[in-house]
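Here is a briefing to read beside the sequence and the 3D view. Keep both open as you go through the points.

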Amino acid sequence: PQKIYLSDYQVPNYLIDEVHLTFQLAPEATRVRSRITFRPNPDATSADFFLYGEQLTLISAQIDGAPVTPTHVNGGLTCDVPSAPFVWEAEVEISPATNTALEGLYMSNGMYCTQCEAEGFRKITYYPDRPDVMAVFTVRIESDLPVLLSNGNPVTSGDGFAEWHDPWPKPAYLFALVGGDLIAHPDRFTTKSGKDVELNIYVRPGDEGKCAFGMEALKKSMTWDEEVYGREYDLDIFNIVAVDDFNMGAMENKGLNIFNSSCVLASPETSTDMNFERIEAIIAHEYFHNWTGNRITCRDWFQLCLKEGLTVYRDAQFTADMRSEPVKRIEDVIALRARQFREDNGPLAHPVRPDSFVEINNFYTATVYEKGAELIGILKTLVGDADYYKALDLYFDRHDGDAATIEDWLQVFEDVTGRDLSQFKRWYEQAGTPRLSVDEAFADGTYTLTFSQSTPATPGQDHKDPRVIPIAVGLLGADGNEVVPTTVLEMTEATQSFAFDGLSAKPVPSILRGFSAPVILERDSDNAERAFLLAHDTDPFNKWEAGRALARAGLVEMVLNNAAPDGDYLDAVLQVLRNDDLDPAFRALTLALPSQDDLAQTLVDLGHTPDPTAIYQALETLKMAMATHMQDVLPRIYAQYQVNEAYQPDAEQSGARSLANAALALISRTDGGAAAQAQYDSADNMTQQLAALGCLIMAGKGDAATAEFYDQWKEDRLVIDKWFALQISHAAPERAAEVAADLTQHVDFTMKNPNRFRATLGALAMSPAGFHRADGAGYALLADWLIQLDPLNPQTTARMCSAFETWKRYDSDRQALIAAQLDRILATPDLSRDTTEMVSRIRA
Ligand code: B3K
Ligand code: ZN
């Protein structure tokens, strides 16, 4: 397969002014007519005319009205064209009903929809399908379906047709079309300059009761972007459509966002508090793309983080403002470590701005998104809030309508601040997570912290240069009072010291407050200091982090030396649990333990080979010890944090429920499941019902409730996804592969629906002790299904291969078992480019 390099970038040979598309929708024979006005690009170095096109049947083509016979080449066509501007017209036939890859125009439950990012438009018609070719689109859709949608504003509609016009030039990846028998949940929004905007969420009949929350989230996002970034919406209408079969979460098509139904539909009975929070964030994310992604797009796909990192950063700011800033930060860091650090540490490590790829869909990664967002955070810390917003204003001003690059992005910050950002740019170019070690010294009232940074080699990148790292530090006195408030140290050297004068005694440092940079802090600290910080740190992130470090240290001792649960940890966490002055959501996060995967990586970092079963056992033993140690307090907490008011998915109620449910999980270890059964029987919302079901399964009392749950929810596909996943994630490790295998035989299992596939095989892959069962049953089951899915849906198959990315951590027997499965996948005839690239990189 061919590798594409950033360094090979060439400007497009032809530019487009206008595109007219006409669709005659039919399941297996949709006709697409295109009329495109091209003109030679004055900056181009070649006059070759090439249009991408895949899986298209060309019916006819004309240039300036005269029939032409283009030459079909790999992945598209070429044609002789005039040297002056010309009109290209073509008619192609495509088959949405048989498009199981869910890329291009496809069908989902009788509805037509599209997914064009990154390179799906070329499956709709012949086109210069690259983001730096922007054009004004007019679209006519012919079909008897009642709802026919495309980008921009509606022009006319009538019996069997609708026309849309999008005045904003856009790349083809932002094109969208929807046709179906859909119901609108309508609303309106007035922008700050008084523009009235029609809003709709379109869903399949039966889902109309699950739109209200998404609509509120949309309006909040629109207000927030006006208030915080000064960004107003720019069309007369904004539509969201929910689709059941979708490879990702959602897509920011101009004026017509298309969502995986799991990322927009919500009701208290069917969605958990976590679902609500995620839906609010994704609606915001896609909406925010209207400026960061659509009005300013990417020059080429290597610049993906330009829109994704920035938009993730913006949606995180939004969630922090809507909910709790510290809780959001802690949740984000947990996710960053679980997905991005894991990626950065293994065979799939790549820079936030990669410099080569085979299949761009394989680079919609935690590194591009989440580490990309961390880089925005670093930059904001370095330049300060005021200059950050000044630079953003300049960015929107200078680049509106552009297909921009990371260089453009950094330039606005350099112009606003006068700073040289060349060292900061290394964050975009160097893969791998920096390790930051710390030494401390105290003499004559001066406390000195000396930091050293180093980044391990990553695939194709052996040498790493020091990066600029903002390290937020505060100092505490022995009495627990803060003696130096948060100060940002700007580290630029490989090793660098920072001194604090005028101290009467050696302080306790709180380092990397708020997780001020995505690095691994290596600090030899003892449990006494961790417990001290857990009790006294004024920075909520580091307070939580101290508890996590304490838990991790105790668990490592349990795994390696068969130690008993650490009494200091149990006492410290009990203090937090009891402290009603602390936010319940924060307490729930403190009560949660590091994941199996986190512990496996911790053991690797300490030079050991992780044993997945021993890790699982240690966690179980510790939870049991917590349950007994806190036995007197847990029922009080459980009762006190029951929510008696009508269900609201807000931060306050969800925080209370998360603490009560954390207590229930521990109580269920000692009461035989009685409290969980009571909660299950009386639950009137999914958060309570699902938490109780999980506890019952863990307590070995879940059979009746599991069956009842299915009967109650069998008509609701999103709830049934939860039912599939929960049975696997809560199964005993030695049974998880069988439970997953059995569920693949259930009448409701289908590999054609990515949500259901992930709920089943993804749930297994995310249960380390079950997935890494010593006989390899978990590996074999996943590989079987990846091989079956690949010809239907390469994108989802390739993404799920990352389940194997940590394989080199494990013992030689497991490594051999995984290698055999990877080789078996690679040996599959006609394996997709997507999966071939992923598995080869992992296997290397
Ligand atoms: N930009 C889309 C992701 C497209 C994925 C293509 N494989 C969603 C988002 O990041 O908002
Ligand atoms: Zn995005």
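**Strand pairs around β12**

Strand β15 (residues 161–170) pairs with β12 in the antiparallel sense, over seven bridges. This is a predicted model. The points below move from strands to the ligand shell, then to helices, single residues and record annotations.

- Arg-140 stands opposite Glu-163 in β15.
- β12 covers residues 135–142, and strand β2 covers residues 14–24. These two strands pair in the parallel sense over seven bridges.
- Phe-23 stands opposite Ile-141 in β12.
- Strands of a sheet pair through backbone hydrogen bonds, either parallel or antiparallel. β12 takes part in both kinds of pairing: parallel with β2, antiparallel with β15.

**A three-stranded sheet**

- An open sheet has three strands in the order β4-β8-β7, with antiparallel pairing.
- β4 (50–52) and β7 (71–73) stand at the edges. Each has a single partner strand, so one side of each is left without a neighbour in the sheet.
- Neighbouring strands of this sheet are turned by 30° against each other on average, direction ignored.
- Strand β8 (residues 76–78) and β4 pair in the antiparallel sense over three bridges.
- Within that pair, Phe-50 stands opposite Thr-78 in β8.

**The shell around ligand 1**

- Which residues are around ligand 1? They are Glu-117, Ala-118, Met-248, Ala-250, Met-251, Glu-252, His-285, Glu-286, His-289, Glu-308, Asn-361 and Tyr-364.
- By type, the shell divides into five nonpolar, three polar and four charged residues.
- Two elements each supply at least two residues of this shell: β20 (250–251) and α2 (273–288).

**Helix α5**

- Helix α5 runs over residues 366–383 and has 18 residues.
- From its first C-alpha to its last, α5 reaches 25 Å. That is close to the 26 Å expected at 1.5 Å a residue.
- Is α5 largely enclosed or largely open? In α5, 13 of the 18 residues are buried, so the helix is largely enclosed by the rest of the structure.
- Gly-384 follows α5, and the phi of Gly-384 is positive, near 90°.

**Two buried residues**

- Pro-171 is found in the loop between β15 and β16 (177–180).
- Why does Pro-171 count as buried? It has 23 other C-beta atoms within 10 Å, and the cut-off for a buried residue is 20 or more.
- Pro-171 and Arg-299 are 128 residues apart along the chain. Their C-alpha atoms are separated by 9.8 Å.
- Gln-317 is found in helix α3 (residues 304–322).
- Gln-317 counts as buried too, because it has 21 C-beta neighbours inside 10 Å.
- Gln-317 and Tyr-428 are 111 residues apart along the chain. Their C-alpha atoms are separated by 21 Å.

**Annotated spans from the record**

- An unreviewed UniProt entry places the feature "domain: Aminopeptidase N-like N-terminal" at residues 95–174.
- In the model, residues 95–174 are 0% helix and 48% strand. The end C-alpha atoms of this span lie 21 Å apart.
- The unreviewed UniProt entry also lists "domain: Peptidase M1 alanyl aminopeptidase C-terminal" at residues 528–842.
- Residues 528–842 are 70% helix and 0% strand in the model. The end C-alpha atoms of this second span lie 40 Å apart.

Definitions and conventions
Residues numbered from 1 in each chain as written. Chains lettered and ligands numbered in written order. Predicted model: local features only at pLDDT ≥ 70, side-chain atom pairs only at ≥ 80, totals over all residues. Helix = DSSP H or I, 4+ residues; strand = E, 2+ residues; numbered from the N terminus. Expected span 1.5 Å × (residues − 1). Buried ≥ 20, exposed ≤ 12 C-beta atoms within 10 Å, placed from the backbone. UniProt positions renumbered as here; feature names shortened; annotations may be inferred. Near = placed C-beta within 6 Å. Nonpolar A, V, L, I, M, F, W, Y, C, P; charged D, E, K, R; others polar. Pairing = 2+ DSSP bridges. Axes fitted to C-alpha atoms, helices over the stretch in contact; angles between N-to-C directions.
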